[in-house]
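Here are a few friendly notes to read beside the structure. Keep the view open and follow the points in order.

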Amino acid sequence: MTQTSIQGILPSNSGISAQLLAALVRSSDDAIVATSLDGVIASWNPGAMRLYGYTSDEAIGQPVTMLCPAERRGEIADILAKIRNGERISHYETARQRKDSTIFPVSVSVSCINDEFGNTIGAASIARDITEQNQARKVEALARGSENVERSNKKLTDFTYLISHDLRSPLRALSYYSTLLTEEYADDPGGSGCAYAERIATVSDQMSTVVENMLRLSQFARANMYLQTVDLSAEVDDIASDLQREEPDRDVQFVIQRQVQVQADPALIRTVLQYLVGNAWKFSSHRDTALIEFGTTSAAGAPVCYYVRDDGAGFDPLYSSKLFQPLQRLHSTTEFPGAGIGLASVKQIVERHGGHVWAEGKVGAGATMFFTLNAEEADRAAGPAGPAGPAGPAGPAGEVGAAGATGAAGEAGPAGPAGEAGPAALSRHPR
């Protein structure tokens, strides 16, 4: 079949003027293509030229499979088989390929072309680009998903808040009665009655701590957010100073990338840094000397990623999924004390900022906590933290002269200003 126009393939007794039909086809914005039963293009309207990029001279006489991505070409044989059986295909969503190899979504309807005796002699297809519709569907689906997640999170946080709040009163009563029992058995300090009372008091105190921590976690989910420009470097610097004042005998060096600024809620993002830097401090406490780093790096799906790294106890990667769950711990409280909500709080806050958090580590080889924030709210003022390590001019810090030798690494940063970031990296020994 080698006809090149609608007039050539329209049966004479079709009941519609060939000229009228041809005019309708030419004026259509959709791609209208007629093919033979063996899949050779016989007619090509201006809409097809606009959609696929081929002129009629380039398209007519060619196999219609040239309009399909390689993985979709098998569809054509299936469609033509249905047409031979007299079936019609309506609004079938698939993908097609333009002359420039661009692949795009389409909605295709295919009908039989019959001669005056009712014999099927070809197929007529109408294709419409549905890129915009698909994007609108995705946006709508994401919006629905976000609403569902938000509703679920709100219900969960409300439930947590109510349960934790309601547990306070009975726990206070339990603590009070255990105190009375302890006083009653004061004359028999080694007896079983006194021991039981002390155990009750201990357990009620532990439960009260859990309740308070769960309330704090729910408050992070409910707190109002006020976005401002926050200098994360300055926050980490301040947190590091507080930790060293609390434990001046520890030998810990901090390497802090300078001028890392973001748009975030100041109180909430400081809480994130307090937990992350505090954990790095805690889990490196068994080392004679320790190193804690803060900086930025690249990450898939985000222009900038922030990290806190330590060379402490680390963790088994097989259990990394437990790290950000409330009350889940990978170390015993006797080895490393804690309430078990720090990283869960970090996750809660980071996700409220439109980002996500994850961890990498190895037992005995330290851990790195990564987090991102909303890409539109992040301001990457400095290059990757690695090259921005302690630079030569940091010598005034005294004993850290050896770190100064790595000054060249600061100049290797990909961003111009990052060269200056190195000198300002905080390298400190305990006072």
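1. Let us begin with a term: patches are made of residues with over 30% relative accessible area and no salt bridge, where nonpolar side chains (Val, Leu, Ile, Met, Phe, Trp, Tyr) are joined within 5 Å and like charges within 9 Å. A salt bridge is a side-chain nitrogen of Lys or Arg within 4 Å of a carboxyl oxygen of Asp or Glu. Areas come from the Shrake-Rupley method with a 1.4 Å probe. Leu174, Leu181, Tyr185 and Ile200 make a nonpolar surface patch of about 290 Å².

2. This is a predicted model, in which local features need pLDDT of at least 70 and side-chain atom pairs pLDDT 80 or more, while totals for chains, interfaces and linings use all residues. Residues are numbered from 1 along each chain, and side-chain values use heavy atoms, without hydrogens or water.

3. Now the strands (DSSP runs of E, at least two residues; helices are runs of H or I, at least four). E4 (residues 103-114) and E5 run antiparallel, joined by nine bridges; strands pair if DSSP finds at least two bridges. Five residues lie between them in a hairpin, and Gly118 in the turn has a positive phi of about 85°.

4. What stands opposite Cys112 in E5? It is Ala123, which is also the bridge partner of Thr35. E1 (residues 31-36) joins E5 (residues 120-129) through six antiparallel bridges.

5. Is Cys305 buried or exposed? Cys305 is buried, at 0% relative accessibility, since buried means under 20%, exposed over 50% and partly exposed in between (1.4 Å probe, protein chains only). Cys112 is partly exposed at 26%.
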